Amino acid sequence: MASTPDSAKDTQEKLEADIAKLREELSSLSRSVKEVIQPQVKQRVNRVRDAAVDVAEDMQSRAREYGEAAAASVRDSVRTHPMAAMGIAFVAGALAAILLRR
């Protein structure tokens with residue numbers, strides 16, 4: 001059976017129409033998926049963000065406690081051994097001066 005130019009043209013037009021229809025359906029499907037998925041993604045992102053904020057606040061609190069404990073320890077050591085503290089401060093200052101001159 002030989003194909004005529006008109007039937008080939010009809011077939012091409014039908015294929016082009018089918019492709020256009022598929023594109024429209026794919027676009028519609030894509031929009032529908034986006035409408036369904038986007039709120040779920042936003043919710044999960046918000047949960048992860050909230051968890052990250054909680055962890056950061058916890059770390060900040062722990063760092064502050066550690067810093068306060070270290071400062072208290074240094075204060076106690078200075079009160080207990082004031083001469084040693086002055087000597088350490090003098091040596092640290094001298095080292096800093098030497099290093100900053102270079």
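Definition to start with: the bend at a residue is the angle between axes fitted to the seven residues ending there and the seven starting there. Helices are DSSP runs (H or I, at least four residues), numbered from the N terminus.

Ground rules: this is a predicted model, where local features need pLDDT of at least 70, side-chain atom pairs count only at pLDDT 80 or more, and totals for chains, interfaces and linings use all residues. Residues are numbered from 1 along each chain as its sequence is written, and side-chain values use heavy atoms, with hydrogens and water left out.

Entry, bend. I found that α1 bends by about 30 degrees at I37, with a proline, P39, following within four residues.

Entry, span. I looked up α1 end to end: its 76 residues reach 106 Å from first C-alpha to last, close to the 112 Å expected (1.5 Å times one less than the number of residues).

V48 sits in helix α1 and counts as exposed, because its relative accessibility is 58%.

Entry, distances. I checked A17 to L100: 83 residues apart along the chain, their C-alpha atoms are separated by 79 Å. For V48 and E65, 17 residues apart, the C-alpha separation is 26 Å.

How values were computed: Helix = DSSP H or I, 4+ residues; strand = E, 2+ residues; numbered from the N terminus. Buried < 20%, exposed > 50% of the residue type's maximum accessible area, 1.4 Å probe, protein only.
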